[in-house]
Amino acid sequence: QYRSSDTLAAFRLACYERHLEIVKYFIASSHETNVDSRLGDDGITPLHVAALNDDTPLAKLLPRNGAKVDMDWNDQIPFQTAFEQNSIGVFDALLPHLKFGPVGEQLITFVARKNYLDLRNSSATY
């Protein structure tokens, strides 16, 4: 018997193991695969997985397919996780998707205070 939990488990594994073509397949073919799904008991999202794994292709794919870049996990949105992990490619991939309202302003302040990255030298276009 097919269960939706099987689909989520396979989607999770594809994200963690960097199988981009399989992730694309799930996005294109499954009504039960949501790019914003919480992938485990800890509530991690696919974009956080991309940030933790320094997986820039996944970080580019998910927002193009509707993933919300402001979903929280471990008190951080994926942009912050990428920043903390020094995942510059993911950081740059997510930056154009941020809306610079109050949250965006807080993030830029966060980046400036941490002083890990000089935004002027970032490859992202503002």
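**Helix packing around H4**

H2 passes H4 in a right-handed crossing. Keep in mind that this is a predicted model.

Let me place those two helices. H2 covers residues 20–29, and H4 covers residues 56–64. Their axes come within 11 Å. They cross at roughly 10 degrees. Angles under 35 degrees count as roughly parallel, so H2 and H4 are roughly parallel to each other.

Which residues in H2 meet H4? They are Leu20, Val23, Lys24 and Ile27. On the H4 side, the partners are Pro57, Leu58, Leu61 and Leu62. By class, the contact of H2 with H4 has seven nonpolar residues and one charged residue. It has no polar residues.

Now the second pair. H3 is the helix at residues 46–53. H3 packs with H4 at an angle of about 160 degrees. The axes of H3 and H4 are 8 Å apart. Angles over 145 degrees count as roughly antiparallel, so that is how H3 and H4 run relative to each other.

Is the crossing of H3 past H4 left-handed or right-handed? It is left-handed.

On to the side of H3 that touches H4. Pro46, Leu47 and Ala50 in H3 make the contact. In H4 they meet Leu58, Ala59, Leu62 and Pro63. The class count here is seven nonpolar, no polar and no charged residues.

One last point, on H4 itself. Leu58 and Leu62 of H4 meet residues of H2, and Leu58 and Leu62 also meet residues of H3.

Note on methods. Residues are numbered from 1 along each chain as its sequence is written. This is a predicted model: local features need pLDDT of at least 70, side-chain atom pairs count only at pLDDT 80 or more; totals for chains, interfaces and linings use all residues. Side-chain values use heavy atoms; hydrogens and water are left out. Axes are lines fitted to C-alpha atoms, for helices over the stretch in contact, and angles run from 0 to 180 degrees between N-to-C directions. Helices (H or I, at least four residues) and strands (E, at least two) are DSSP runs, numbered from the N terminus. Angles under 35 degrees count as roughly parallel, over 145 as roughly antiparallel, 65 to 115 as roughly perpendicular and the rest as oblique. A crossing is left-handed if the near helix is turned anticlockwise from the far one by less than a right angle, and right-handed if clockwise. Contact means heavy atoms within 4.5 Å. Ala, Val, Leu, Ile, Met, Phe, Trp, Tyr, Cys and Pro count as nonpolar, Asp, Glu, Lys and Arg as charged, and the others, Gly among them, as polar.
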